[in-house]
Amino acid sequence: MSLRENRRHFFEKCSIGLGSIALAHLLNDGKLTADVVDGPFVSKPTSFRPQAKRIIYLFMAGGPSQLELFDYKPVLSKFNGKAPTAEMLKGKRFAFLKGKEKLLGPTRRFGRFGQSGMTMSDLLPNHAKIVDDLCFVKTVQTDVFNHGPAKIFMNTGSAQTGRPSMGSWLSYGIGSESDSLPGFVVLQSGPRGPRNGAQLWSSGFLPSTYQGVPFRKGATPILNLSTPAGIGGKAGQSKFIETVSGMNRLRVDRTGDPEIETRIAAYEMAYRMQTSAPELMDLAGETQETIDLYGVERGKPSYAANCLLARRLIERDVRFVQLYHTNWDHHGGGGENLRTDLPKRTAEIDQANAALIIDLKRRGLLEDTLVIWGGEFGRTPMGEERQSVGRDHHIEAFTIWMAGGGVKAGMQFGKTDELGFAPVENPVHVHDLHATILHLMGIDHQKLTYRFMGRDFRLTDVHGEVIQGILS
Amino acid sequence: MDVDHFIGSLAFRPWKNRILNMSLPSCLLIYFLAFGWGPLTLCSQVVAKDELDDRQVIVFNRDIRPLLSDRCFQCHGPDEKKREADLRFDLEKEAKKDLGGYRAVVEGDLDHSELVKRITTSDDDQRMPPPESGKSLSEDEKKLLRRWIKQGAAFEKHWSFQGIRKSQPPKINLDGWPQNEIDLFVGAKLRERGLVPSPRASSATLIRRLYIDLIGLAPTVEEVNRFSGDPSPEAYERVVDQLLASRHYGERMGRHWLDLARYADSNGYANDGLRSIWPYRDWVIQSLNDDMPFDQFTIEQLAGDLLPNATPSQLVATGFHRNTPLQTEGGSDPEQYRVERTKNRTDTTGAVWLGLTVGCAQCHTHKFDPITHREYYQLYSFFNSADEPTLTIEPRGEVSARIAGKKRELQTVLAEIEKVKTASVEEKSKEKELIWKGLALQEMESLGGASLKRLPDSSILVSGKNPPQDTYRFTINLVEPVRSIRIETLTHPSLPKGGPGRAGNGNFVLAELKIQQNGKNVEVVGGRADHSQQGYSVVDAFDGDLETGWAINIAGGKLNVDRTAEFVMARSLSGLISLSLTTYEQGSGYNIGRLRLAGSSGIASQVVPGLSQLVTRKNQIEKEMRQLEKTTSKTLILRERSKPRESFVQLRGDFLDRGPVVIARTFDVLPKATKEGDAERPANRLDLARWLTSSNNPLTARVHANRIWQHLFGVGLVETENDFGYQGELPSHPDLLDFLASDLVEHRWRQKRLYKKIVMSATYQQSSVFRADLSAVDPKNRWVGRQNRYRVEGEIVRDLALTASGLLSRKMGGPPVFPPIPPNVIGTSSANHRWPTSQGEDRYRRGVYTAIYRANVYPMLLAFDGPDRDNACTRRSVSNTPLQALTMANDAGFMEMSQALGARINGLVGKQPDDLKIDSVAAKIDFGVKAALSRLPTSAEQEMLAEYFKSRVVYYRQDSGQTKMLVGKNDPVLAAWVAVGRVLLNLDEMITRE
């Protein structure tokens, strides 16, 4: 069997069992036959024409302050130092606030930028270049106010662990278009990884085939990507794979088990990954102009380097790239104050974010790539007194932005009250965000289901409405 | 050499030896002839479409309930909040009731049954299910519903809620195939469908299957040789008995159970620090090895603490429900996460013993199953009154003796301290008045978050938060030398009862006064107070013990007056010092409310002789005891509170939104427990555990028997092993399931016996070779016309490779081990992850002992579908991915195993290590394949491996650099054998149970 035939066989036969029936349901409203039993490495049809084919999700772990970045609240300045009224605090729960905290006005200067006249603070000067490509959603709401559960919620639609993450749902639903890289890749930067680690990109109850693959720093981003020493390099590994496959094929003849064919194909894809992943990591082919645009220092891991890597990944047909950048938790304590630590974080992302959008756009990739920027929650209008005055976790209204595939550019959606406590129009719950992301990828969020424990589970649980107002 | 020559000597009928060498069709033909079961007919497992006619007898549970449940219950089912038109189909009476001149279902009357109209109409507004529901009925499904109504619309109780009936196996002649009752049930079903079972697997396959299923290890070459060399008909049974008696049995079956118990070695969530609960893991393994009856196994795990005179082992067992994730992130609400853990216990109990998805009723009444929202919280209530302590398992032997010694030493020192304190308590008297000067406070803060305010009289008033324990820290500049410090505790109208303390009665407890200069402690050597409460001497405020302190309540006098205490330091101080006052941890905040500080150069009181030395000694002993206790093991257990917590329905599952009060009770749809509790003694976990294992509970035995079947076939008789409710699949062999369930109960819940019964059946011993005739009509092999062939779990992948390489350590139990891990896997997140790589044989322990961090699972186990450890995993998914291939091929751990296997092959006893003679190479390949796969290679395999070996010898002879990298010396032949070993470990069959 030739390699090509193998691959086709693999794609046709790589059954993952339980999920396939639900999948067929997704694709055809029950009209198509349920024979569609595809593996994770093959692209699968969507429910309707997708606006976006791939996603880059820039996850700012810790919860960036919308009040210092995008959601300008001049009235809050007037109340600076005053206690919020009981009315403002009614029914609210906070992680660390004790109830005596005073309101804290914006600590940065704001201005209007771009043709769209978007308000932004002085912390993100480079964003002025891309602001007309962005769609700001200022009224995102979540359910939980601690980092771990909130990150799980933003990724899986549940505050409890055990559900599949967004990227896993996508891989399960529409598969991967790459035959030499995983369909769902996670990149990390910042002093440490995000809380809850692998649970954020877990496949939950879906087969592990669909879990996110965290890339590591350095030339071999995937675990066990290098051929071990003493095997004879590429030629030796090739001979090894050939022999393993030959032996496996003899077993197919005796057992008739098609799963062995899948194993043969998995080894062949693993072999391709060994070549394609280092090639991916090698920036030698990038022009100095591009390197400078992102602000990448060659050989040094950074958020900027991950943004460039994200572009290279989607160019190679990876479906979902998620970047985690940590330490946005600005309570006011040591190493987490608004005055000096927040500007360090924004300096790390400002140029790179702008570069990513500009680079995608000039390569014609932005139109069918969805870029999302945001954290697991926002920060309170009240100050939190630690060594300095910071802000606590706020779950009722925070800002994210989206760009590219299928969302309106230069737009601002949703509005919060004068002090930034809560939405006054167009609240967007995390479930709505998930529904919208799936919609942009061509999936009806109510139809992407997986039968587990007697129930059809969805990313959006039993909630979620597509945010029609931001669709282009 | 062919596999069948190797099979050798087991008593086979002649045709069995032939079959593997034939093409499938011809072998089947011979097989059918041998069995004489008549011609092969293809016939569907469900009602064949074109055979739908009115004579077909409709069985409600098989044909109708799944339809109603899946398409109708969401709006016409148990959940009254979502119910439309006040109509429900889950209850017969309700489905047939008068809806105002018409009825949804009229027995035997198609024309008057509204249901029939609604499912057949073409009017979108009328049609059911409504188009917007996304659900629909096929033509055949509509026919089924019509036929059901025509035949009288009979309802049946859901199968799994009916009592278990011990069914007699069908009386059927299967030409000597059956080995026991199981085969009669399975054979009859196969014959109904015109199918025949598969032949018995080869002895090589059988021994490997038994080893993997019962102990999770591959047989060694010697064990394979012994089995294949034993011609007696009892050879198979002997292996079975030997494996069931093996101590590795508990490790293998424990692996299954620990998945259900959601066992991990860390706390989960963001911090994810290590926890010590491995004694529970060892308890599981030991109990399974002891064949503890499953009812006792259940009771001890759910309620061991409630058993009369509970033994330490029974307490350890309650760790089952301590395997919940624990949120330790700052700022989280402890009650919220206690509630989450309690829900997790509730859901896990439902999944593990009842096979029901009870978690669906957390927020609302179950959409499909008859479990109400209220009933969920009744079950929750059983778990709501458990505390979560840590049990120290008393050490034995020398350590225990040393701890006892230290304890005695501590007692002596404590007694001496007490004596000194009593002797030195001195009432403050006028004669010894010193000159006191106010102190220059530079900074002050409350570590507990209270507000400290300086009043005009230089006193400090405390307000705001009153935490259970607080420390006030003052930075003071001593402009002239100070030897004594005075603390006046003062009343103030803002304080409770006027103070001077902040507790409800105005009292406080000053546990410790600490003075530091340049970061070093300055000892306090004496003190006196104008009044000390009985048992709360002022000396207690400088004895280095936070559990004793100075307080001021007074018998028969007034508590709320100003008080003074004076303390003497070991030496005079000047310059910057830090003074901290820590209070005694009490629920209601025994903190000081107002105080004033002063200093004096004089000595305020007599120096307490030797107290400081005694306290130092005491701290030293305590430290040594802590060190010693670290070597003892701790584990997490449950302990029932003396006074139960009140439980409420949580509206929409929100613990802050309380509905009605509920008491612990089981589900109405199931038979009641004998003891459901009353006002005097509410039902508790022990009652629940007894109810789960009582003879009238129809679910537990079925769920567990199904699980045992699943362990031996990869899938249960009920395919949805985690859902025995309306949405679950029906059992493929309901009578067989009931037979096994009642067999389990009748034989006192002994599990080993049931495992043996199943593995002794001809059904189990069938070949797993795929058959075109079966695949065509039964692609999922639900009728078990052959065994299943599937990849083993991640831990067993590791165990099999370790066995083949000869590196396996058979050491059992103890703290989790940390086998080598690739770099930069651990320590990259914010969590408290450490990976102190194990040394020596601990590097090669079985997978079940590998340390598991919930938020960072050992990469190899993660790649092979290691489950989420936060919830019960009832069956692992089996994926087949390139990341698995990369792990097997390139991981340093697997390379080490390849090197070990290569060295074993090269050094085969009786053959020269570097002998390249054809005979010798062939013998070595035979040995390698047997070590890895428990069989001999076929001639084609022998040829392929020999060719690969030769090519590697040529290669390594040319490249000594690579050779040395692989085997550490320039030995091309050894390197080539390592390459062969690596191929063997990477074969599909290596990690597959056939």
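Let's start in a loop of chain A. Asp317(A) sits between α11 (303-315) and β7 (320-325) of chain A. Its phi is near 70 degrees, a positive value in a residue other than glycine. With 16 other C-beta atoms within 10 Å, Asp317(A) is partly exposed, because buried takes 20 or more and exposed takes 12 or fewer. Keep in mind that this is a predicted model.

Now a residue in chain B for comparison. Asp865(B) is not a glycine, yet its phi is positive, about 60 degrees. Asp865(B) lies in the loop between α27 and α28 of chain B. Asp865(B) has 22 other C-beta atoms within 10 Å, so it is buried.

Staying with chain A for a moment. Its domain assignment has two parts. Domain 1 takes 1-39 + 220-281, and domain 2 takes 44-218 + 289-470. The centres of domain 1 and domain 2 of chain A, taken over C-alpha atoms, are 34 Å apart.

Strand β2 (residues 110-113) of chain A runs antiparallel to strand β3 (residues 118-121) of chain A, with 4 bridges. Opposite Phe113(A) is Met118(A), in β3(A). This hairpin has 4 residues between the strands, and there Gly114(A) takes a positive phi near 70 degrees.

Over to chain B. Secondary structure first: 33 helices and 18 strands. The C-alpha atoms fill a box of roughly 120 × 95 × 50 Å along the principal axes. Of the 994 residues in chain B, 48% are buried. Take the contacts in chain B between residues at least 6 apart in sequence: 71% of them join residues at least 24 apart.

Chain B is assigned five pieces. Domain 1 is 3-42 + 167-246 + 713-777, domain 2 is 60-155, domain 3 is 395-425 + 610-631, domain 4 is 427-605, and domain 5 is 892-993. Between the C-alpha centres of domain 2 and domain 5 of chain B there are 66 Å.

Follow strand β12 (residues 594-600) of chain B. Strand β3 (residues 437-438) of chain B pairs with β12(B) antiparallel, over 2 bridges. Gly438(B) has Ala598(B) as its bridge partner in β12(B). Strand β6 (residues 460-464) of chain B is also antiparallel to β12(B), with 2 bridges. There, Ile460(B) faces Leu595(B) across the pairing. Then comes strand β7 (residues 471-489) of chain B, antiparallel to β12(B) over 6 bridges. In that case Glu488(B) stands opposite Arg596(B).

On to two helices. How many residues of helix α26 (residues 794-805) of chain B are buried? The count is 12 of its 12. Among them are Glu795(B), Arg798(B) and Asp799(B). The packing partners of these buried residues are α10 (203-215), α13 (248-260), α27, α29 (892-906), α30 (918-933) and α33 of chain B. α26(B) reaches 17 Å from first C-alpha to last, close to the 16 Å expected. Just past the helix, Gly806(B) has a positive phi of about 80 degrees.

The other helix is α21 (residues 685-692) of chain B. Here 6 of the 8 residues are buried, so the helix is largely enclosed by the rest of the structure. Arg685(B), Asp687(B) and Trp691(B) are among the buried ones. Their cover includes α15 (294-303), α17 (334-354), α18 (373-383) and α22 (698-713) of chain B.

Two prolines to flag. Met128(B) and Pro129(B) are joined by a cis peptide bond, with omega about -10 degrees. Pro129(B) is in the loop between α7 (114-120) and α8 (139-150) of chain B. Gly499(B) and Pro500(B) are also joined by a cis peptide bond, with omega about 5 degrees. Pro500(B) lies in the loop between β7 and β8 (510-517) of chain B.

Last, the interface. In all, 73 residues of chain B contact 63 residues of chain A. On the chain B side, the elements giving two or more residues are α27 (859-863), α28 (882-890), α31 (939-958), α32 (960-967) and α33 (972-985). Which element gives the most? That is α28(B), with 8 residues. By class, this side has 28 nonpolar, 31 polar and 14 charged residues.

Key. Residues are numbered from 1 along each chain as its sequence is written. Chains are lettered from A and ligands numbered from 1 in the order in which they are written. This is a predicted model: local features need pLDDT of at least 70, side-chain atom pairs count only at pLDDT 80 or more; totals for chains, interfaces and linings use all residues. Two strands pair if DSSP finds at least two bridges between them. Two residues are in contact if their C-beta atoms, placed from the backbone, lie within 7 Å. Ala, Val, Leu, Ile, Met, Phe, Trp, Tyr, Cys and Pro count as nonpolar, Asp, Glu, Lys and Arg as charged, and the others, Gly among them, as polar. Domain bounds come from an automatic or database domain assignment. The expected span of a helix is 1.5 Å times one less than its number of residues.
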